[in-house]
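Biologist: Can you walk me through this one? I'm new to it.

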Amino acid sequence: QSIPKDEDITIYHIGDEWWDLCAGPHVESTGQIKAKALDLSSVSAAYWRGDESRQALQRIYGTAWKEAWQLKEHKRRLEEAKKRDHRTLGKKLDLFSIQDDAGGGLVFWHPKGSKVRGLIEDTWKEAHIKAGYELLYTPHVANLNLWKTSGHYDFYRDGMFDQMDVEDEQYQLKPMNCPFHCLMYKDKLHSYRDLPIRWAELGTVYRYERSGTLHGLFRVRGFTQDDAHIFCTSDQLENEIIGVLDLTQNILSQFGFNKYDIMLSTRPEKSVGSDQIWEDATNALVGALHRKGWDDYTIDQGGGSFYGPKIDIKIRDAIGRKWQCSTIQCDFNLPERFDLTYVDADQSRELRPIMLHRAIFGSIERFFGILTESTAGDFPLWLAPTQLRLLPVTDAAQHFCQKVAARALDVGIRVEIDPGKERLAKQIRNGWDQRIPLMAVVGEREMQSGELAVRARARGELGSVPVDDLFTAILQARSIDDIPTFRLDHEENEGGVDFQQQQQQHE
């Protein structure tokens with residue numbers, strides 16, 4: 001009954017016994033599926049047609065492959081993904097939590113997670129300022145009439161929280177940032193000389209999601225978009241898109257994401273805007289990709305939004321999974337709805353600017369989850385919440401560690417001191433489990449020499465080094481691989497300093 005009368009219906013069947021109302025296709029015979037390449041993985045409850053008021057059914061999950069080795073590889077990838085699950089690592093590494101008492105889909109950032117998030121945001125802000133953007137802050141709530149003007153209330157109402165009554169007026173938690181930027185643009189008259197205007201905001205938005213769809217940091221109810229909007233002329237559009245592509249590559253590459261899958265989505269059947277403006281915008285997107293050298297893109301014919309064509313960029317993580325992050329979206333709708341204009345060169349006409357929406361991370365929360373899984377929680381040195389942990393092997397070494405830690409904090413190094421209640425081997429194991437990039441043993445010898453015996457998580461013993469030299473190396477490094485091997489205490493030992501031997505010596 002819910003299928004439109006003019007829409008085709010497809011039915012696949014095997015023989016005369018089994019018919020399936022499905023888009024298909026199916027194999028002609030189950031004999032084509034190799035038993036050793038088939039696996040039933042799990043079962044779960046599912047409501048008929050996704051309606052919670054209807055009866056519950058049992059859904060069976062399975063996977064089938066052409067060859068058994070492909071299934072084996074698939075299982076290996078699933079096991080690897082399970083070990084990298086950001087929800088598990090978030091708890092183990094004390095990065096973030098979802099508190100049931102506060103409600104689902106609301107993220108609590110713990111101190112260590114906040115440090116990483118702060119570094120992500122600082123990197124984003126610095127790159128945007130260098131690229132000519134101005135940073136904004138806008139409210140978290142607005143009068144409902146704003147969302148009616150923007151069209152969000154009509155088109156996205158199901159994804160918005162209920163309104164709240166304030167002095168006989170209705171207010172709405174914002175699901176988007178763009179209407180606020182439109183209001184700021186409209187706050188004063190603009191000339192063609194003012195364009196392009198580039199505004200960026202780390203704006204927290206709120207969207208209603210059913211509890212069954214929530215998933216760690218990937219699907220939440222409150223999240224921070226790395227939002228930006230560019231107001232420009234049609235002549236400026238291609239150069240602005242090039243600038244966004246360059247900025248996207250610059251930022252994503254700093255976090256180790258260098259492989260992208262790109263999709264261009266074109267005009268759908270129902271759309272706003274003239275044929276000419278759609279053609280010009282699509283040509284600008286294509287031209288920018290060509291000038292960037294990103295010609296290996298796919299086209300989603302008719303897959304654009306009703307208000308403009310777009311580019312979507314997927315990144316690939318350390319185990320080859322693809323994640324949708326970056327979007328560049330032309331918009332002919334909001335400038336019309338908000339009556340945004342600029343005065344042309346001869347001062348005789350008011351023209352509509354083109355509005356370019358774009359996000360690089362998508363959201364801070366989701367990108368944090370992707371980054372955590374890609375690195376398996378082993379963040380690069382520059383991004384690690386704790387870069388250096390000091391391991392005192394005697395009570396007397398605690399005071400020395402505190403002085404070293406104070407100096408480290410002064411120069412901007414994130415440092416911790418182990419409580420020193422465990423044996424050295426256990427302190428090292430704890431640091432390994434908590435993904436600490438660098439650890440330094442501190443005992444009587446180090447206190448007398450003013451040097452630290454350094455161990456890198458990814459490389460083992462690096463030798464002994466004066467404190468200031470270690471600090472300089474950390475501040476100059478992006479990863480552990482950038483830290484040099486220092487002077488070894490026992491040059492005759494080709495394997496370097498053995499921390500177990502050091503423990504025995506200190507004891």
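**The second pocket and beyond**

Modeller: This is a predicted model. Let's begin with the second largest pocket, which holds about 250 Å³ of space.

Biologist: Which residues are closest to the centre of the second largest pocket?

Modeller: The closest to its centre are Ile277, Phe332, Arg352, Pro353 and Ile354, out of 17 residues that line the pocket.

Biologist: Which element gives the most to that lining?

Modeller: Helix H8 gives the most, with 3 residues. H8 covers 275-292. Helices H8 and H9 each supply at least two residues of the lining.

Biologist: How many of the lining residues in the second largest pocket are nonpolar, polar and charged?

Modeller: There are 8 nonpolar, 5 polar and 4 charged residues.

Biologist: OK, now the largest pocket. How much space lies in it?

Modeller: About 980 Å³. Its lining has 38 residues. Nearest its centre lie Met176, Arg207, Gln225, Thr327 and Gly362.

Biologist: Which elements give two or more residues to the lining of the largest pocket?

Modeller: Helices H5 (152-155), H9 (334-337) and H10 (364-375) do. So do strands S12 (222-232), S15 (310-316), S16 (322-331) and S19 (354-359). The largest share comes from S16, with 5 residues.

Biologist: And by class, what does the lining of the largest pocket have?

Modeller: It has 14 nonpolar, 13 polar and 11 charged residues.

Biologist: How many cavities of 30 Å³ or more does the structure hold?

Modeller: The structure holds 1 cavity of 30 Å³ or more. The largest cavity has about 120 Å³ of space.

Biologist: Which residues lie nearest the centre of the largest cavity?

Modeller: Leu93, Pro385, Gln434, Arg435 and Ile436. They belong to a lining of 14 residues. That lining divides into 7 nonpolar, 3 polar and 4 charged.

Biologist: Let me step back. How many helices and strands are in the protein chain?

Modeller: The protein chain has 15 helices and 24 strands. It has 507 residues, and buried residues make up 45% of them. Along its principal axes, the C-alpha trace spans about 85 × 75 × 55 Å.

Biologist: Switching to sheets. What is the strand order in the open sheet of 5 strands?

Modeller: The order is S21-S20-S22-S23-S24, and the pairing is mixed.

Biologist: Which strands stand at the edges there?

Modeller: S21 (415-417) and S24 do. Each has a single partner strand, so one side of each is left without a neighbour in the sheet. From one strand to the next, the twist averages 25°.

Biologist: Is S24 largely enclosed or exposed?

Modeller: S24 (residues 460-466) has 5 of its 7 residues buried, so it is largely enclosed by the rest of the structure.

Biologist: How many bridges join S23 to S24?

Modeller: 6 bridges join them, and the two strands run antiparallel. S23 covers residues 451-456. A hairpin of 3 residues connects S23 to S24. Leu452 stands opposite Val465 in S24.

Biologist: And how many bridges join S22 to S23?

Modeller: S22 (residues 438-442) is joined to S23 by 4 bridges, and this pair also runs antiparallel. Ala440 stands opposite Val454 in S23.

Biologist: What about the open sheet of 3 strands? What order does it have?

Modeller: Its order is S8-S10-S9, with antiparallel pairing. S8 (141-143) and S9 (164-166) are the edge strands, each with a single partner strand, so one side of each is left without a neighbour in the sheet. The twist averages 40° from one strand to the next.

Biologist: Over how many bridges do S8 and S10 pair?

Modeller: They pair over 3 bridges, in the antiparallel sense. S10 covers residues 169-173. Ala142 stands opposite Gln172 in S10.

Biologist: Last topic, helix H3. How many residues does it have?

Modeller: H3 has 20 residues, running over 111-130. It reaches 28 Å from its first C-alpha to its last, close to the 28 Å expected.

Biologist: Which residues of H3 are buried?

Modeller: Among them are Val116, Leu119, Ile120, Trp124 and Ala127.

Biologist: What follows H3?

Modeller: Gly132 follows H3, and its phi is positive, near 90°.

Technical notes
Residues are numbered from 1 along each chain as its sequence is written. This is a predicted model: local features need pLDDT of at least 70, side-chain atom pairs count only at pLDDT 80 or more; totals for chains, interfaces and linings use all residues. Side-chain values use heavy atoms; hydrogens and water are left out. On a 1 Å grid over the protein atoms alone, a cavity is a set of points where a 1.4 Å probe fits but cannot get out, and a pocket is an open set with protein on both sides within 12 Å along at least five of seven lines; lining residues have an atom within 4 Å of a point. Grid points are joined across faces, edges and corners, and a volume is the space filled by probe spheres set on the points. Ala, Val, Leu, Ile, Met, Phe, Trp, Tyr, Cys and Pro count as nonpolar, Asp, Glu, Lys and Arg as charged, and the others, Gly among them, as polar. Two strands pair if DSSP finds at least two bridges between them. Axes are lines fitted to C-alpha atoms, for helices over the stretch in contact, and angles run from 0 to 180 degrees between N-to-C directions. The expected span of a helix is 1.5 Å times one less than its number of residues. Buried means under 20% relative accessible area, exposed over 50%, partly exposed in between (1.4 Å probe, protein chains only).
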